Each structure stands twice: as structure tokens, then as C-alpha cells.
Amino acid sequence: MGKRISRTVPVAHTLLGSLLAGASFSVVAQGQTLPAEALDWQAWSQDEAPHQLCRGRYVMPDYRLPAEDNPETLSVETQEVDYAADGEALLRGDVVLRRGNTELQAAQMYLPADRQRVDAEGNLAIRDGQALVRGEQATLMLNNDQASLRNSHYVLYAQHLRGQASQLEQTGDGEYRLRNASFTTCDPDTNSWQLVSSDIKLNQEEGFGTARHARLEVKDVPIFYWPWLRFPIDDRRHTGLLSPSVSFSNDGFDYAQPFYWNIAPNHDATITPRWMSDRGLLLNGEYRYLLEESQGTVEGGYISSDDGSNNGDNRFEGDDRWYIDAQHAGSLTPRSNYQLRYGAASDGRYFDDFGDEFGNSERVSMERLAQVDYRGERWQLNARAQGFQRLEDPLSDSDKPFYRLPSLTANSDWQLGSGLYTQWRSNATYFWRDVDERRVPEREAAIGTRLHLTPAIGWRFEQPWGYIEPRTELWHTAYELDYGDRVTDRGTSPSRSAAVTSIDSGLVFERELELRGRDYRQTLEPRLNYAYVPRTNQTQLPDFDSRERAFSWAQLWSPHRFSGADRLGDLNRVSLGVESRFIEDASGQDRLTLGVGQSIYLSDRRIDSDGDPDTLPARPEDSANVNPLSRYQATRDRSPVVTRLDWQINDRWSAGYEWLYDDQREQTERSSVDARYRHPAGHVVNLGYRWEIEGFDPGVVPGDDGFRDYSREEWDLSLAWKASPRIDLIGRYLHDQTNDRALEQLAGVQWNDCCYGLQLVWREWVDDNDTARIGDDFNDRGLFVRFVFRGLGGVGQQADGYFEQAIPGYRPTPL
């Protein structure tokens with residue numbers, strides 16, 4: 001049993017656990033590593049191991065000495081102690097020293113008479129709950145922040161990090177220096193990679209470190225060298241290089257190297273030079289700022305004299321190409337916010353050529369916006385100026401969107417009691433766009449002001465067994481227009497007033513039942529809806545923002561055939577439907593929802609985009625410029641039968657189904673089937689089928705870029721399978737059945753190891769050139785690789801966001 005001594009001594013917080021607490025950067029040493037057990041390594045049990053990436057973890061053993069009430073107390077336990085006459089002490093045997101959370105073990109320790117330092121040697125170990133440091137010999141100053149260890153090994157428990165250094169010194173408060181040092185996050189005895197440096201300096205106060213003559217070794221083979229390297233050692237942002245991105249595709253070699261600039265705690269910027277072998281050097285940048293009452297970003301890109309593409313589309317060869325997107329948002333008062341945004345691109349193909357990951361660009365427009373809103377207890381007010389640059393090329397005048405300069409909105413609601421309510425909706429907008437008004441349809445040639453008022457009154461009577469809601473809203477729209485150089489006999493101050501009347505009602509029947517040993521509550525919910533909109537002459541009205549809606553389950557119950565305010569579609573119809581839900585008593589979850597409905601039309605629908613109440617749409621055999629279904633849709637006496645199904649089969653399988661069937665012509669107009677599998681381990685499978693008859697969308701006519709001159713039939717299979725904690729397999733196949741071609745093929749594997757990760761993905765896809773026509777489509781393909789050294793960074797294109805979009809339900813394991 002050793003001797004125990006406790007004494008309160010003024011000792012500085014100097015232990016090297018604090019040194020290493022920030023080292024999740026990149027350093028590891030030369031020389032042989034210690035056995036795993038000497039590094040506080042604990043292997044996983046047989047039950048735990050199959051679910052872990054690493055073979056074990058670092059776990060600090062229990063303290064040898066108990067904690068003292070006073071954290072400044074210095075406790076010592078030793079087998080032997082020799083005191084000199086002047087007060088010097090030599091402790092031998094299994095010596096243990098503890099102060100606060102820091103414990104020092106050594107075979108021998110020397111304390112001089114002034115107790116200003118500790119000299120320790122032999123089987124040396126320092127632990128502080130966060131890290132372990134071992135070495136042959138150490139000198140620790142007890143009254144200042146200085147220490148020195150020779151031939152040290154260190155471990156950071158939480159970061160799963162270990163390393164070595166021939167000389168480890170604490171040179172000041174939170175400042176350290178390591179010579180001939182190395183670092184890795186790999187398990188003991190498995191140095192798949194390590195970073196080696198002759199001289200490393202760490203500054204915890206500033207949160208960064210520097211290394212000279214640093215080299216990255218993979219399996220002890222040097223593969224990269226930095227004469228000087230700066231890296232973060234905590235979560236704070238620091239100026240420096242970020243992980244580069246590298247990819248290969250039909251277009252050639254693509255390399256991007258981001259540089260992060262930490263300007264201030266509330267300002268930063270990322271500058272990314274990107275070299276593309278076929279196009280040249282593109283410079284991207286992003287600036288972010290956060291102020292007390294506002295925040296914003298400014299991003300952009302620029303390439304001088306585009307060299308053209310290897311895929312043959314060189315229409316912009318030799319042009320300077322660029323984009324900018326600036327956003328700012330803030331608060332004026334607790335009830336009022338504002339937003340500012342300006343976006344612009346040199347051309348409509350910029351993001352198709354230089355855009356997002358894996359050749360996929362989601363941007364379809366660049367917004368310009370200035371907006372202020374107010375949310376009061378009664379009124380909601382909004383004022384904005386807004387416009388969009390549509391990202392298509394070529395872009396016809398008809399496809400250019402209108403600007404709103406400005407648009408003013410005021411809305412309010414009043415509950416009058418006993419179910420009676422009123423609403424006020426109002427908007428005044430000035431519409432403008434820069435086009436040749438002589439080259440667009442007459443209804444789109446005007447610019448000007450629109451005042452749109454829609455007050456409404458309604459009454460809703462609702463009980464557990466059902467409800468009824470009659471409602472009337474008045475649509476009053478007035479214009480002041482300017483047709484410029486367009487010769488027209490249309491009026492410049494047209495207006496329209498009409499009432500939209502509807503009655504919605506439903507019943508709810510319930511019963512309890514048992515299926516396969518489980519209790520359910522089944523509902524039967526018939527619904528009846530009547531809507532009447534008078535036929536109003538709108539031929540003099542412009543078309544700023546209206547589009548006829550495609551039929552769906554929601555349209556069964558809506559009195560509005562058009563979006564926007566410029567067209568009010570005539571309607572006299574009755575909709576009937578019924579839904580049934582199976583609600584599981586134990587969980588309260590809807591296990592099955594089944595609905596079927598149909599509309600009965602009591603008159604033709606004559607109003608189309610032209611607004612003529614007296615003329616039906618032309619027959620497709622008489623005009624090639626009309627939607628092939630528009631005449632039939634306007635004159636049919638009943639809508640397609642709409643059937644929908646949402647089925648939660650069990651905790652892993654679910655399915656959805658929608659079917660629009662024309663019982664008069666005995667043909668399907670649109671259908672979709674989706675089956676989804678979700679496993680708790682992360683496995684995901686999605687199978688989808690979609691069919692849509694040619695011309696189904698009445699808002700798209702031949703000549704529009706979005707018009708398909710064929711019935712659309714597609715299959716979509718995607719999966720992500722976590723074969724093990726280390727291996728993710730991903731894939732997608734999207735097939736165009738109509739044209740017998742693959743729209744997208746993707747296959748990849750992600751390998752997740754304890755200290756590195758690898759992502760390898762092959763993708764081939766169809767670029768549609770911003771149109772639905774197949775004649776101008778072309779194929780593109782690429783092989784994408786990402787390699788990550790855990791704790792150090794990686795090389796390659798980050799693809800997680802694209803995977804989550806392409807494979808619904810998949811959550812990639814972070815690399």
C-alpha cells in the first residue's frame with residue numbers, strides 16, 4: 001500500500017490534455033506506436049462490433065486517486081519517498097499525482113524544495129478526462145504554463161485521435177510546440193494515413209495550428225507535401241484552404257479549390273478558383289455577413305472568354321459569362337420584416353454549364369426583389385417590387401416573365417360569430433417587361449396596372465358528424481394598360497366583376513373494427529361540392545400571370561380553373577366524392593386512406609386563355625396551335641374519375657396511387673404508382689411509375705418549350721442499401737418508356753472507415769436543353785470520386801445533397 005500525501009499548492013493549469021483537446025486538425029508522429037492497451041484503447045464487444053466503424057474506442061480508466069474537495073489540492077501517492085534536508089523530495093515506485101481533473105503517473109518523480117516544478121520519468125502518463133499523454137521523461141512547471149515531454153504519445157478520447165512527437169512542449173498559456181510529430185484518426189496499429197511534420201505549433205487561444213514541412217502519408221507512402229500548413233484546432237472559423245473538388249466527365253477534367261477567408265466574427269468569404277479543361281478558369285465567390293438586425297450573402301461567378309464545351313454546344317464560345325446573386329434580409333420592427341435580392345446571369349445556360357453537383361442544375365430563374373411586410377393583429381400588409389430572369393436559352397419574348405413594379409397587398413379576416421365570417425383580399429400591381437410587343441400574343445402585349453379586389457363572406461357550420469360551408473366571393477379586377485407600338489382595338493381601361501359561389505359539405509361516419517388482431521377506427525366521409533362561376537367576357541383583359549390548372553383531386557373541390565387573377569374560368573359543376581380512412585387505435589396513425597370522386601358539369605367551359613365567352617377552343621384537326629385535349633376538356637359533361645390511395649402497409653412499406661380515368665372514352669388520362677421501403681438500418685428503396693396523356697396540362701400548347709408531343713410514360717427505381725456500417729450502395733434508373741431511353745443512370749458506393757471515407761459514383765443523364773422536345777437532347781456522363789481523411793479533410797465533390805434529392809428517404813452517412 002503506497003503512502004498518500006495531500007497538500008494545497010498553487011499549481012498552474014498546464015497539463016497537456018488541454019493541449020490536445022483542440023487537435024482535431026492534422027498531426028501525427030514518426031516512430032513506432034505503443035500497444036493499443038497503453039493508449040487506453042477498449043475494443044468493442046462481439047455484440048457491439050458489427051454496428052461500429054471502428055474496432056474500438058479510447059476510454060479513460062478511473063482515476064487512481066479520489067477527488068479532493070478543494071480543486072487546488074495536490075494529492076500524491078507513492079511507494080517510497082526520500083526527503084533531503086533542504087526539502088527536496090524524491091518519490092519512487094508507482095507514483096501518482098492528482099490535481100483537479102488532471103492525474104500524472106510515473107515510476108519516479110522529483111520535487112525540488114521550492115515545489116516550482118515536477119520532474120517525472122519512467123512509464124509516464126498524464127490524463128485529464130479529455131486526453132492521454134505518455135512519454136519517457138517530462139518536466140512540468142507548477143507555477144506557470146510551461147512543460148516539456150520527450151518521445152511522447154498522445155490520444156484525444158472524443159476525437160478518436162492519436163499521435164506521436166519526439167519533443168512536446170508547452171510554451172505558454174494554451175500554446176504548444178511539437179517536433180517530429182504525427183497525427184491520425186485510424187485505430188491503433190492501422191495507419192491507413194497519417195500527417196507528419198517536423199515542427200507543429202498550436203495556439204488554443206486563437207484556435208489554430210501551423211505545421212512546417214508537412215506531408216500526407218497513405219500506408220507510409222508520402223502522397224502530398226506542404227512547405228507550410230495552417231489548420232483549425234477547434235470549431236472556430238479560420239482563414240485557409242478548404243477541401244478541393246475533383247471530377248471527370250464527358251467535358252473533361254474539373255478541379256475547384258476553395259479558399260476560406262474569416263474576415264471577422266460576423267463576416268466571411270469563400271473564393272473558389274475552378275479549372276475546367278474544356279472551358280477554362282472560372283472564379284466563384286461568396287461573401288456572408290451577420291449584423292444585429294439583418295443578414296445577407298453575395299455570391300457570383302465569372303469566366304473570361306469561355307473556351308466552349310466538348311459536348312458540341314458551343315454557342316457561348318468566346319463570351320464572358322457570369323452570374324451574381326445578392327440577398328439581404330432584416331427586421332424593421334417586431335411585426336415588420338424586409339427582404340432585398342438581386343440576381344442576374346449572363347445567359348440562360350450558365351447554370352446548366354457551370355451549375356450544381358453532378359451536372360444537375362436546379363435554378364430556373366434569378367430573382368430580383370425588394371419587399372416589406374407587416375403582420376398586425378387584424379391586417380397583413382405587403383409591398384414588393386419583384387422580377388425574374390428566366391434561365392432558358394433561347395428565350396422567346398412570350399416566355400419572359402412580367403416584373404411587378406410594385407405590388408401592394410392588404411388582407412384581413414373577421415370572425416362574426418356562429419360560424420359567420422368575412423374576408424378581405426386586395427392587391428394592386430404594375431406589370432412590366434422588356435419585349436417587342438408586336439411579337440407576342442395580343443393578350444400578352446400590354447403593360448400596366450391591375451387592381452384586384454376579392455372580398456368574401458361565408459358561413460361554416462361544423463359538427464363531429466359533418467359540416468356545410470356556403471361561400472361567396474366577389475372578383476373585381478380593373479386595369480390601366482399601355483400597348484406601346486402594338487396596333488390593337490383592345491381597350492386600355494378594361495374591368496371585370498363576377499361572383500364566385502360555392503357550397504361545400506360533407507358527412508363523417510365512423511365504426512370500430514378489428515383486423516388481424518389490431519383495433520382500428522374506420523371512417524366513411526362522403527363529400528358534395530357545388531361551384532358556380534358566371535361566364536364573363538374577358539377578351540379585353542391582358543394575361544399577366546394566369547394559367548389554366550391541370551385536373552387533380554384538389555380541383556374537384558376548387559371553383560378556380562385558373563391560377564392568377566387575369567382569368568376567371570366559367571364553371572357550373574357538382575363534385576361528388578367519398579373518402580375512407582383506417583386509423584389504428586394504438587398509434588393514432590392513418591394506415592389507409594382511399595378516395596374516389598368525379599365532377600359533373602352542367603354547362604360547357606368556354607373561357608380559356610383568350611377569355612372569349614362565346615367561342616369554344618378550336619378542334620385539334622383544325623389548328624395545330626391548340627392543345628389536343630382543350631376542345632374535349634371544355635365540352636365533356638363529366639371529369640375523369642379521380643382515385644387516390646395512401647397506404648402505410650407496415651412500419652417499413654408504404655405505397656401511394658393516383659388514377660385519373662376517363663370513363664367516357666375508356667382511357668387513362670394520368671396515373672402514378674409509388675412504392676417505398678424504409679428500414680431502420682437506413683435501407684431505402686423507391687419504385688415509381690408515371691403516365692400522362694399528351695396534352696393533359698391545358699396551360700401548355702404546341703410551340704411551348706414545355707409541351708410534350710407524346711404521352712409520357714416513365715419508370716423510376718432508386719435505392720440506397722447500407723450493406724454494413726462501412727458500405728453504402730446507391731443507385732438510380734429513370735427510364736423513358738415512350739421513347740425507349742434511359743433519362744438517368746446512377747451507380748455508386750460509399751466506403752466508410754474509422755479514419756477515412758471513399759465515395760465513387762458513375763452517372764449518365766440526358767440534358768434536355770431547356771425544352772421537352774427530344775430532338776435537341778444529348779447525353780452526358782461522368783465519374784465522380786470523393787476521398788475524405790477523417791479529421792483532416794478530403795478531396796472531391798460533395799454529393800450528399802444530390803443523393804437525398806435523387807433517392808427520396810436516403811440520408812447519406814457523413815464522410
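Analyst: In this predicted model, the link of Cys-54 and Cys-754 is right-handed, with 85° about the S-S bond. The two sulfur atoms of Cys-54 and Cys-754 sit 1.9 Å apart. If the word is new to you, a disulfide is a covalent bond between the sulfur atoms of two cysteines.

Now find the two ends on the chain. Cys-54 is in the loop between β2 (41-43) and β3, while Cys-754 is in the loop between β46 and β47 (756-767). The pair links distant parts of the chain, 700 residues apart. Are these two cysteines buried or exposed? Cys-54 has 17% relative accessibility and therefore counts as buried, since the cut-off is under 20%. Cys-754, at 9%, counts as buried as well.

How many disulfides does a search of the whole structure find? The answer is two. The other one joins Cys-186 to Cys-755, with 2.0 Å from S to S. Its torsion about the S-S bond is about 75°, so the disulfide of Cys-186 and Cys-755 is right-handed. Here, too, distant parts of the chain are linked: Cys-186 lies in the loop between β12 (175-184) and β13 (193-203), Cys-755 in the loop between β46 and β47, and 569 residues separate them. Both Cys-186 and Cys-755 are buried. If you count the bonded cysteines along the chain, the disulfides follow the pattern 1-3, 2-4.

Next, let us turn to charged side chains. The count of salt bridges comes to 67. One of them brings together the side chains of Asp-94 and Arg-64, at 2.6 Å from N to O. Asp-94 belongs to strand β6 (residues 89-99) and Arg-64 to the loop between β3 (56-58) and β4 (73-78), so this pair ties together parts that are 30 residues apart in sequence. Asp-94 is partly exposed, with a relative accessible area of 35%, and Arg-64 is partly exposed at 34%.

You can compare that with Arg-732 and Glu-744, which form a salt bridge whose closest N and O atoms are 2.6 Å apart. Arg-732 is in strand β45 (residues 727-736) and Glu-744 in strand β46 (residues 741-752), so the parts tied together are twelve residues apart in sequence. Both Arg-732 and Glu-744 are buried. Salt bridges can also share partners, and in this way Arg-279, Asp-306, Arg-321, Asp-347, Arg-349, Asp-352 and Asp-353 are joined into one network.

Another salt bridge is made by the side chains of Lys-722 and Asp-728, at 3.0 Å from N to O. Lys-722 counts as buried at 18% relative accessibility, and Asp-728 is buried with a relative accessible area of 2%.

What about the rings? Across the whole structure there are 22 aromatic pairs. Trp-659 and Tyr-661 form a tilted one, 4.9 Å from centre to centre and with 40° between the planes. Trp-659 is partly exposed, with a relative accessible area of 29%, and Tyr-661 is partly exposed at 24%. Tyr-689 and Trp-715 are also a tilted pair, with 4.7 Å between centres and 50° between the planes. This pair links Tyr-689 in strand β43 (residues 684-692) to Trp-715 in strand β44 (residues 712-722), 26 residues apart. Tyr-689 counts as buried at 18% relative accessibility, whereas Trp-715 is partly exposed at 38%. Ring pairs also link Tyr-323, Tyr-350, Phe-351 and Phe-354 into a cluster.

Finally, let us look at the nonpolar side chains. In soluble globular proteins, nonpolar side chains tend to be buried together. The largest nonpolar core here has 41 residues, and Leu-91, Leu-104, Met-109, Tyr-154, Leu-178 and Trp-193 touch the most other members. Apart from this core lies another, of 17 residues, including Trp-475, Val-500, Trp-557 and Ile-693.

There is also a nonpolar patch on the surface, with about 980 Å² of accessible area together; among its residues are Leu-416, Trp-459, Phe-461 and Leu-524. Both β30 (456-459) and β33 (495-507) supply at least two residues of this patch. Trp-459 is found in strand β30 and counts as partly exposed, at 34% relative accessibility.

Note on methods: Residues are numbered from 1 along each chain as its sequence is written. This is a predicted model: local features need pLDDT of at least 70, side-chain atom pairs count only at pLDDT 80 or more; totals for chains, interfaces and linings use all residues. Side-chain values use heavy atoms; hydrogens and water are left out. Patches are made of residues with over 30% relative accessible area and no salt bridge: like charges are joined within 9 Å, nonpolar side chains (Val, Leu, Ile, Met, Phe, Trp, Tyr) within 5 Å. Accessible areas come from the Shrake-Rupley method with a 1.4 Å probe; for residues, only the protein chains shown count as cover. A salt bridge is a side-chain nitrogen of Lys or Arg within 4 Å of a carboxyl oxygen of Asp or Glu. Helices (H or I, at least four residues) and strands (E, at least two) are DSSP runs, numbered from the N terminus. Buried means under 20% relative accessible area, exposed over 50%, partly exposed in between (1.4 Å probe, protein chains only). A nonpolar core is a set of buried Ala, Val, Leu, Ile, Met, Phe, Trp, Tyr and Cys residues joined through side-chain atoms within 4.5 Å. A disulfide is a pair of cysteine sulfur atoms within 2.5 Å. Rings of Phe, Tyr and Trp (its six-membered ring) pair if their centres lie within 6.5 Å; planes under 30 degrees apart count as stacked, over 60 as edge-to-face and the rest as tilted.
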